[in-house]
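Colleague: Please walk me through this model. Keep it brisk.

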Amino acid sequence: YLRWLANTDGQRIGPKDAVTTFAFDAAGRYLAMGVGTQVQVWTTPSREKPQGELAYTLAGQPNPLRDLVFHPTKDLLVTSDREGEIHVRDFKHSKNGEKPSTISGVGPLAVSADGKFLAYIRPDGQVQRWSFANRSDFGSPLRFELPGFAGDADKSHPLEVEAEQCP
């Protein structure tokens with residue numbers, strides 16, 4: 001569970017099981033939580049419902065959830081699990097069992113402010129952009145040198161990006 005710290009009494013909200021990741025939507029109306037392999041989307045607490053309310057439950061991924069993020073303008077939720085599978089789905093209208101868009105990659109996840117692109121880390125450690133409009137990868141991966149990814153564990157330098165690959 002989580003404690004809603006905006007309330008002075010620190011109300012408990014959410015599931016009683018362990019929460020592995022969580023995120024608010026851009027408007028602050030919803031709070032999504034990864035609970036094992038399942039996603040629960042709760043309304044945020046209000047005067048009428050001080051503990052919020054479970055609004056949607058989505059069948060999760062095969063493995064425990066690692067990261068999730070809301071799309072800023074659509075009813076889309078992007079989730080990643082610990083084994084490198086990313087799902088993109090409409091959290092209000094998709095039915096459990098409906099196949100979401102699936103991408104091979106890991107979190108952390110980021111959605112551009114205009115909602116056009118998702119950024120994620122590929123299994124080889126490079127950052128890839130994915131287009132929501134085309135539902136496919138966009139452009140070449142951005143090469144970062146991250147210690148601990150794709151055989152770079154022995155490198156100890158800070159994050160570097162090749163400037164010519166940045167838009």
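Modeller: First, the ground rules. This is a predicted model; local features need pLDDT of at least 70, side-chain atom pairs count only at pLDDT 80 or more, and totals for chains, interfaces and linings use all residues. Residues are numbered from 1 along each chain as its sequence is written, and side-chain values use heavy atoms, without hydrogens and water.

Colleague: How many aromatic pairs does the count come to?
Modeller: Rings of Phe, Tyr and Trp (its six-membered ring) pair if their centres lie within 6.5 Å. Planes under 30 degrees apart count as stacked, over 60 as edge-to-face, and the rest as tilted. By this rule, the count is 6 aromatic pairs.

Colleague: What kind of aromatic pair do Tyr56 and Phe91 form?
Modeller: The ring centres of Tyr56 and Phe91 are 5.6 Å apart. Their planes stand at 80 degrees, so the pair is edge-to-face.

Colleague: How many residues apart in sequence are the parts that this pair ties together?
Modeller: Strands here are DSSP runs (E, at least two residues), numbered from the N terminus. Tyr56 lies in strand β6, and Phe91 in the loop between β9 (85–90) and β10 (101–104). The pair therefore ties together parts separated in sequence by 35 residues.

Colleague: Is Phe91 buried or exposed?
Modeller: Buried means under 20% relative accessible area, exposed over 50%, and partly exposed in between (1.4 Å probe, protein chains only). Tyr56, at 22%, counts as partly exposed. Phe91 has a relative accessible area of 3%, so Phe91 is buried.

Colleague: Which residues do ring pairs link into a cluster?
Modeller: Tyr56 and Phe91 are among them. The cluster also takes in two further names, giving Tyr30, Tyr56, Phe70 and Phe91.

Colleague: What is the angle between the planes of Trp130 and Phe132?
Modeller: Trp130 is buried at 3% relative accessibility. Phe132 is buried too, at 6%. Their rings form an edge-to-face pair, 5.4 Å centre to centre, with the planes at 85 degrees.

Colleague: Which residue in β14 is the bridge partner of Arg129?
Modeller: Two strands pair if DSSP finds at least two bridges between them. β13 and β14 run antiparallel and are joined by 4 bridges. In β14, Arg129 is partnered by Phe138.

Colleague: Which residue takes a positive phi in the hairpin of β13 and β14?
Modeller: This hairpin has 4 residues between the strands. The residue sits in the loop between β13 (127–131) and β14 (136–142), and is partly exposed at 41% relative accessibility. Its phi is near 55 degrees, a positive value in a residue other than glycine: Arg135.

Colleague: Which strands stand at the edges of the open sheet?
Modeller: The sheet has 4 strands in the order β3-β4-β5-β6, with antiparallel pairing. Each edge strand has a single partner, so one side of each is left without a neighbour in the sheet. The edge strands are β3 (21–24) and β6 (53–58).

Colleague: Which residue in β6 stands opposite Val39?
Modeller: Strand β5 (residues 38–43) pairs with β6 in the antiparallel sense. The pairing runs over 5 bridges. Opposite Val39 stands Leu58.

Colleague: How many helices and strands are in the chain?
Modeller: Helices are DSSP runs too (H or I, at least four residues). From the N terminus on, the elements run β-β-β-β-β-β-β-β-β-β-β-β-β-β. The tally is 0 helices and 14 strands.

Colleague: What share of the 167 residues counts as buried?
Modeller: The burial rule now applies to the whole chain. Of its 167 residues, the buried share is 40%.
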